[in-house]
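Let's walk through this structure together, from its overall layout down to individual side chains. Keep the viewer open and follow along as we go.

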Amino acid sequence: MQNAQNLMSSFEFIAALMSIIIGLGVTNLLAGAGRAFYRRNENPLDEVHIVLTLATLLLLALQWWVTFKWNTEVNWSFDKFLVLIVWTITLYMLTVFLYPPDLSEAEEHQGRFERNRAGYYSTFIAMCLLDITQTAIHGDIFHPIWYLPFVGQYAVLAGTGLIAHRRGYDRFFAWYQLITLLVWALVVRRFLVGNTLTP
């Protein structure tokens, strides 16, 4: 008879699927970036695309890290599960809009991000809204107090990018996202919120 301590918890069961989806996103990003670097002579590397790749990779890692806050959840329901899964799917879809999996070598010579910018920005807005939703469900919407304005500003900036259709704005959004996520992950979370995994 199996020991009860060896049974998988509800959180572990759900987190396994979330980890797979985020892992697929990381794989897609790394494979796409590797292809882009390998073909850099035929199709020069694009600054906006590179910075968005780094920012999205950091976003995936950070979001996977913070999902551990759900490990203390006892009462699971399908709606909680659904919000978390759809949220992680939007994270994966960000990588697809950056690096479509079936992109041919000829298509890479066209403006890859320019073709997919509407999809990327729309998915980014959806991801922000779902992030706020899953945080609210967990009861942490005001912890820390600046969480909601911080995530909300990303949704507003992505909405502006969806409307703007400006190369300069895409560059600003890419760099702003990367720099602010680094500050959030390495400074704010470490010194002002608490950055350790605790059971």
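Helices (H or I, at least four residues) and strands (E, at least two) are taken here as DSSP runs, numbered from the N terminus. With that in hand, the chain has six helices and zero strands, and its pattern along the sequence reads α-α-α-α-α-α. This is a predicted model, so to speak of local features we need pLDDT of at least 70, and side-chain atom pairs count only at pLDDT 80 or more, while totals for chains, interfaces and linings use all residues. Residues are numbered from 1 along each chain as its sequence is written, and side-chain values use heavy atoms, with hydrogens and water left out.

Two figures describe the chain as a whole. Of its 199 residues, 44% count as buried; buried means under 20% relative accessible area, exposed over 50%, and partly exposed in between, with a 1.4 Å probe and protein chains only. Taking a contact as heavy atoms within 4.5 Å, 79% of the contacts between residues at least 6 apart in sequence join residues at least 24 apart.

Now for a pair of helices. Helix 1 (residues 10-38) and helix 3 (residues 78-98) pack at an angle of about 5°, and their axes are 8 Å apart. The axes are lines fitted to C-alpha atoms, for helices over the stretch in contact, and angles run from 0 to 180 degrees between N-to-C directions. That angle makes helix 1 roughly parallel to helix 3, given that angles under 35 degrees count as roughly parallel, over 145 as roughly antiparallel, 65 to 115 as roughly perpendicular and the rest as oblique. On the helix 1 side the contact includes Ile 14, Leu 17 and Asn 28, and on the helix 3 side Phe 81, Trp 87 and Tyr 92 are among the residues. The residues of this contact split into 16 nonpolar, four polar and no charged. In that scheme Ala, Val, Leu, Ile, Met, Phe, Trp, Tyr, Cys and Pro are nonpolar, Asp, Glu, Lys and Arg are charged, and the others, Gly among them, are polar.

What about the interior? In soluble globular proteins, nonpolar side chains tend to be buried together. A nonpolar core is a set of buried Ala, Val, Leu, Ile, Met, Phe, Trp, Tyr and Cys residues joined through side-chain atoms within 4.5 Å. The largest such core has 49 residues, of which Leu 52, Tyr 120, Phe 124, Met 127 and Phe 173 touch the most other members. Helix 1, helix 2 (47-66), helix 3, helix 4 (112-138), helix 5 (147-164) and helix 6 (167-193) each give two or more residues to this core. Leaving aside residues up to four places away in sequence, Leu 52 touches Leu 98, Phe 113, Tyr 120, Phe 173, Ala 174 and Gln 177.

Finally, look at the charged pairs. A salt bridge is a side-chain nitrogen of Lys or Arg within 4 Å of a carboxyl oxygen of Asp or Glu, and the count comes to four. In one of them, Arg 167 meets Asp 46 at 2.2 Å, N to O. This pair links distant parts of the chain, with Arg 167 in helix 6 and Asp 46 in the loop between helix 1 and helix 2, 121 residues apart. Another joins Glu 47 and Arg 171, whose closest N and O atoms are 3.0 Å apart; here Glu 47 lies in helix 2 and Arg 171 in helix 6, 124 residues apart.
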